[in-house]
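Visitor: I would like to learn how to read backbone features in a model. Please take me through some cases.

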Amino acid sequence: MKLFGVLGDPISHSLSPVMHNAAFKSLGMDCEYHAFRVGTSDLYNAVHGAHALGFGGLNLTIPLKEKALEIVRPVPLAKEIGAVNTVDFKEGITGYNTDGLGAKMALEGSGVNTRRKKVLLLGAGGAARAIAFTLAKDRVDLTIANRTVDRAEKLAYDIKTCSVMTGGFENLKELVMDCDILINSTSTGMFPNAPETLVTSDMMHSGLTVFDIVYNPMNTLLLQEARKAGARTIDGVMMLVYQGAEAFKIWTDIYPPVDVMEKAVREELS
Ligand code: NAP
């Protein structure tokens, strides 16, 4: 039996165990995935302990993703992003970040090619950084708008592969009307807060793709508004599934059945 886990605090609501265990079961693998409540002060011992115990791999979530850079050997993308969400033990202790690739695959899996498209990214936190670095490699025409403008400017400065426009939320309608893909990577609209959205249907056009990375609830107010405007919508479940699938592949060299993982997550959320 091989063990895997996700570390974080809080952790009891993590969907990763149900998602990965569904994949292990459907592949007939003798593996189990569990959630462990670990804060930043215990991260070093927890990661080295899992290594010593022969774990197959770990995921890291809030508040550990940035702190992990001091503990693991990060691959270049994780170092650029400044955060680690996946730890592999095959050659030492290596840190990866699969969030950005998860977002890109969620878009591509819905038939949206990002290459050279005009993308408006709302947010400049950890998830936004992962998405921005990944999409920048596709030479997208990227604009980052964030409540705290300094944070958007810092992210734009860190991205070296394409030029990035930045701003706050004051000209959001113009920015949305001018873009092909709108990605919400802020935590607005996330449970348990009341339904809220930074962008409403009157600010959107029907040629737009709206991708909300918030997955709880699955049908956010932003996505409801997007449907009213006739825009294409993508919810946050697929990013969760694809970032998990990438981690699974790093640990096992097997690409897991994403349909099984998606079903497990959607059942848990509903
Ligand atoms: P984070 O690092 O804390 O960043 C939060 C972002 O949201 C910042 O840009 C922050 O702006 C903004 N924000 C927070 N409250 C806001 C408000 N009331 N109005 C406007 N902007 C607000 O969090 P994160 O890790 O990036 O996660 C962000 C969201 O993505 C969460 O809902 C998380 O669950 C979701 N997520 C989903 C996936 C997935 O696989 N689908 C993966 C990772 C994260 P300031 O900079 O101004 O504070």
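Visitor: Where is the place of D253?

Guide: This is a predicted model. D253 lies in the loop between α9 (237–252) and α10 (258–269).

Visitor: Is D253 buried or exposed?

Guide: The cut-off is needed here: exposed means over 50% relative accessible area. D253 has 64% relative accessibility, so it counts as exposed.

Visitor: Which residue in the loop between α4 (99–109) and β7 (118–122) can be read in this way?

Guide: R116 is found in that loop, between α4 (99–109) and β7 (118–122). Its phi is near 60 degrees, a positive value, and R116 is a residue other than glycine. With a relative accessible area of 64%, R116 is exposed.

Visitor: Now the peptide bonds. What is omega near for the bond from D9 to P10?

Guide: Omega is the angle to read for a peptide bond. From D9 to P10 omega is near 5 degrees, and the bond is cis. P10 sits in the loop between β1 (2–8) and α1 (16–27).

Visitor: Is the peptide bond from I62 to P63 cis or trans?

Guide: The bond from I62 to P63 is cis, with omega near 5 degrees. As for its place, P63 belongs to the loop between β3 (57–60) and β4 (73–74).

Technical notes: Residues numbered from 1 in each chain as written. Predicted model: local features only at pLDDT ≥ 70, side-chain atom pairs only at ≥ 80, totals over all residues. Heavy atoms only, no water. Helix = DSSP H or I, 4+ residues; strand = E, 2+ residues; numbered from the N terminus. Buried < 20%, exposed > 50% of the residue type's maximum accessible area, 1.4 Å probe, protein only.
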